[in-house]
Amino acid sequence: MKISFFFFLFFLFTTTFAQNLSPEQVADLSETYREKALWFREMPHFNRDSTVFYLDTAAALLHNSRPIQYERLANLYRDITDRANRSHNFIVVDSLAPIGWSYYEKIPDDQKDNILGYNLLINWALIKIIRGEPKPGLELFVKALDLLKDDKRPEIQLKILKDKGRFYYQYGLAEEEEIGIQYLKESMIGYQKSDYPEKYESLVIAYKLLSYHFENSNPDSTDYYMNRLKELLPQITNPFHHTWYYYSMGNNLIKRNKSDEAQSYLLKTIRLLEEYNLTTIDVYQFAHSSLGDIAKEEGRYDDAIDYYQKAKNSSIEINTKSNTAYFISKLYSVYEQMGDFKKALEHYIEYSEADNIIEVERNERSLRESELQLNLVQQEKALAVKKQQQYIYIVVLFLGTFMLGLLYRNYRLKQKSNQKLEVLNEELAHKNDLLDKRNAEYELLLKEIHHRVKNNLEIVSSLLELQSSQIQDPSVQAAMLSSQNRVHSMGIIHQKLYQGENLASIEMRDYFINLGENILDSFNASGKIKVECNMSKLILDVDTAISIGLITNELITNSVKYAFEGKDSGTIKISLSSIANEEEKKEVELKLIVTDDGIGKVADQPSKGTGFGTQLIALLTRQLDGELTYENNNGTVVSLLFKKANIA
């Protein structure tokens, strides 16, 4: 308390004193405080509170002086938001990052250092990824890369390689993780051969992430990167890297069934974190959890419960919800292994409630493969059923054990056991009410899932746009644009699903209108070409709607690209209708017609472009068991006739 009060008085005196200093004197004093802050981030004099204090004091000095020195402030905020400095926590840094960027934007254009702007944006993007906000993180990352796209210096290219590897790996999707690993390996080789100032910090990042990546698939590779990190430790003065190494060694030894050695590393991790007052980071939580695993395996259940409880309390303190849920599940498992089913059930219910709160965030990080396979809804339904089955299994196990006790007591005293049974039935009715409520919650989750699918398809589109911006070949760029339109055609469907009341079907007329507007916008043809949709309302199931949407997307795209060459304007018409049939049939014939008043298509003329769109149309037509025809009639008329069993 006395130290904090002293810091406050010192901060107040310094900022007041700065008002009487010249800009040059303020700059020198601020730089002195900045250097002091960075000195306190290093072992053995590491002190996180002092680092925060001196960085904040340096910022206040510059902010209160006139004229405001925007470049110095931007440089200072680069240090504040750099996670290697470990000053403020993630939430505070996320709020400070835009302030640093605003200072950079106020620097005159002819004085801006693009590397400074790049570092500010990269720091901000990584914070967004760590906080579970991939879309703004991706936007900031693209913006950062654009600043250095023309800088070919080797040290800058190596820095970009390292940052790409770190970003893609931490983005959290399987395909991006593999891309990130390749970038990390390239940057590691480059830094090993270099003498750049950031060499050791960059190598630590590469070794840590590479050892993470291979810990389950290739233990030998993990050992290799851990040994490289161990060799670096004497050069590293940041205690976070030391504690991470000890914790990782402990975990690796647990997997090799060397519990005694593992325990010594884990206890060393905890001692070092407590020595430097770093008990609010997640390594502190997981070190206790790993010690709990060892105690549980050795049958020391009370010790295991104590370790798991400390991990849980530490997680709650810094509001890491997913970690908290994980530690609650550990407590549930140890009580179950002890045979204390009552406490096991209490912790399972607590875990289930905590897990449901973070379910949407977890889905956003793991839906990519399901989206590409177009079966997300079915998988989520299966997941919901599985969770219900697990919950019911625990309830039934508990009730079954309790019922055996009741039957035994009924043998001894029938009246007393009947009273017990009545109480039990009331509890069972309450549990059933909870299950009904849980089922209703899962129904509501389906709409949120469609929303997440649509958002993730937008991320896919953004990634395609990012890749396209780095390609010079016009034909490849055109192909990437076509792919973006295909992704968007699927995204519209999921947007309609979560906006509508029916979670399993699409109204096609409104969908065609939105699809046509998007394609015209993507080709800047809105003022030249118009799309008309003269048809009654017609509802199709999701699978059929996706196939019809992709076919229509390709046909409209072909018309926009090729049908109106040499013409100032044109019209594309779309209709989808059922064909009247006097005989009652289970299957109904549907006819899709897409026409344009363009120059027409010459018979047997080979496909323009890559031909991929034509192949896609043929494949989808076969999947629908349909028949596709082309004809020239003041333009091109394309008809698709197919049968469908379920029309709403």
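1. Which residues is Phe167 in contact with, leaving aside its neighbours within four places in sequence? In this predicted model, the partners are Ala125, Leu126, Ile129, Gly137, Leu138 and Phe141.

2. Phe167 belongs to the largest nonpolar core, which has 46 residues. Tyr77 and Phe167 are the residues with the most contacts inside this core. Helices H2 (23–39), H3 (48–64), H4 (70–81), H5 (90–105), H6 (114–130), H7 (134–147), H8 (154–171) and H21 (414–469) each supply at least two of its residues. H6 gives the most, with 9 residues. As background, nonpolar side chains tend to be buried together in soluble globular proteins.

3. Check two cis peptide bonds. One joins Met43 and Pro44, with omega at about 5 degrees. Pro44 sits in the loop between H2 and H3. The other joins Arg66 and Pro67, with omega at about 0 degrees. Pro67 is in the loop between H3 and H4.

4. Asn257 has phi near 60 degrees, a positive value in a residue other than glycine. This residue lies in the loop between H12 (239–255) and H13 (259–275). Asn257 is exposed, at 69% relative accessible area. Asn277 has phi near 55 degrees, again positive in a residue other than glycine. Its place is the loop between H13 and H14 (282–297). Asn277 is exposed too, because its relative accessible area is 53% and the cut-off is over 50%.

5. Now the charged pairs. The structure holds 19 salt bridges. One of them links Asp151 and Arg153, with the closest N and O atoms 2.7 Å apart. Is Asp151 buried or exposed? Asp151 counts as buried, because its relative accessibility is 16% and the limit is under 20%. Arg153 counts as partly exposed, at 38%.

6. Arg300 takes part in two of these pairings. Its salt bridge with Glu298 has the closest N and O atoms 2.9 Å apart. Its side chain also meets that of Asp303 in a salt bridge, at 2.9 Å from N to O. Arg300 is partly exposed at 28% relative accessibility. Glu298 is partly exposed at 42%, and Asp303 is partly exposed at 36%.

7. Elsewhere, salt bridges that share partners join Glu31, Arg34, Arg78 and Asp79 into one network.

Methods. Residues numbered from 1 in each chain as written. Predicted model: local features only at pLDDT ≥ 70, side-chain atom pairs only at ≥ 80, totals over all residues. Heavy atoms only, no water. Core = buried A, V, L, I, M, F, W, Y, C linked by side-chain atoms within 4.5 Å. Buried < 20%, exposed > 50% of the residue type's maximum accessible area, 1.4 Å probe, protein only. Helix = DSSP H or I, 4+ residues; strand = E, 2+ residues; numbered from the N terminus. Contact = heavy atoms within 4.5 Å. Salt bridge = Lys/Arg side-chain N within 4 Å of Asp/Glu carboxyl O.
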